[in-house]
Amino acid sequence: MDAPDRSQLDRARLYVCTDARKAQGDLSVFLDRIYRGGADIVQLRDKNLEAAEELELLDVLRETAERHGKLWAVNDRADLAQLSGAPVLHLGQADLPIPQMRRILPTVLAGLSTHSPDQVDAALDSAADYFCVGPLWATPTKPGRPATGLPLVRYAADVTEPGSDGGDAAKPWFAIGGVNQQNLDDVLASGARRVVMVRAITDSPDPESDARQIRSLL
């Protein structure tokens with residue numbers, strides 16, 4: 001598998017997580033619309049899928065992402081990332097540690113969830129290619145996970161050093177968890193420059209238009 005283009009991750013601003021959209025039955029159309037609207041990375045995250053079905057849906061995601069020249073991601077499962085040829089694998093704190101993941105997937109871009117200042121510090125020192133900060137607000141996609149609030153965004157912004165362009169952090173990071181059009185200004189004012197959105201896009205009657213509007217603000 002060829003190494004993914006790291007510059008695509010560096011330029012990424014809008015990261016969308018979606019389930020399999022079984023209720024709507026429109027995964028392929030939905031993916032096409034949000035990539036067209038400006039999503040830089042899309043992750044399939046659906047805990048109700050069996051492995052064989054997830055591989056089939058990841059093939060749909062791969063085909064759509066490649067057609068748009070964008071990145072796509074697998075959630076948690078290094079085995080499915082390897083089998084599907086994913087360019088990005090996102091891991092939680094309790095998932096396969098990144099050093100072990102690198103033994104299986106040496107070239108895949110690795111993301112890591114963080115929920116506290118200590119975890120942000122650890123992510124900066126780790127081999128993760130990017131990390132996520134949150135959830136900022138309580139969200140049904142992560143039941144039982146306490147909200148971190150905006151202070152964690154401000155912490156991440158304070159401890160990340162500017163990149164070579166003087167503006168971006170050297171290691172990309174995304175604010176996640178309940179981010180939507182109504183609170184995006186507060187998230188950006190706290191120091192975030194990249195966001196992960198779920199329901200704000202997946203529940204939208206016009207996801208392409210909303211993705212385009214959000215991407216223009218980032």
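Start by selecting glutamate 63 and arginine 67: these two are four residues apart in helix H3 (residues 51-68), which puts about one helical turn between them. (Helices here are DSSP runs of H or I with at least four residues, strands are E runs of at least two, and both are numbered from the N terminus.) Their side chains meet in a salt bridge, at 3.1 Å from N to O; the term means a side-chain nitrogen of Lys or Arg within 4 Å of a carboxyl oxygen of Asp or Glu. Arginine 67 is partly exposed at 46% relative accessibility, and glutamate 63 is partly exposed too, at 36%. The cut-offs: buried is under 20% relative accessible area, exposed is over 50%, and partly exposed lies in between, using a 1.4 Å probe and protein chains only.

Now widen the selection to Asp32, Arg36, Glu63, Arg67, Glu208 and Arg212, which salt bridges with shared partners join into one network.

A word on ground rules. This is a predicted model, in which local features need pLDDT of at least 70 and side-chain atom pairs count only at pLDDT 80 or more, while totals for chains, interfaces and linings use all residues. Residues are numbered from 1 along each chain as its sequence is written, and side-chain values use heavy atoms, with hydrogens and water left out.

Next, jump to helix H1 (residues 6-11) and pick arginine 6 and aspartate 10, again four residues apart and separated by about one helical turn. Their salt bridge spans 3.0 Å, N to O. Arginine 6 is partly exposed at 30%, and aspartate 10 is partly exposed at 31%.

Is arginine 21 buried or exposed? Select it and have a look: at 6% relative accessibility, arginine 21 is buried. Its salt-bridge partner is aspartate 26, with the closest N and O atoms 2.7 Å apart. Aspartate 26 is partly exposed, at 22%.

Last stop: show helix H6 (residues 117-125) with helix H7 (residues 150-159). They pack at about 35°, axes 10 Å apart; axes are lines fitted to C-alpha atoms over the stretch in contact, and angles run from 0 to 180 degrees between N-to-C directions. For the contact (heavy atoms within 4.5 Å), select Pro117, Val120, Asp121 and Leu124 on H6, plus Leu152, Tyr155, Ala156 and Val159 on H7.
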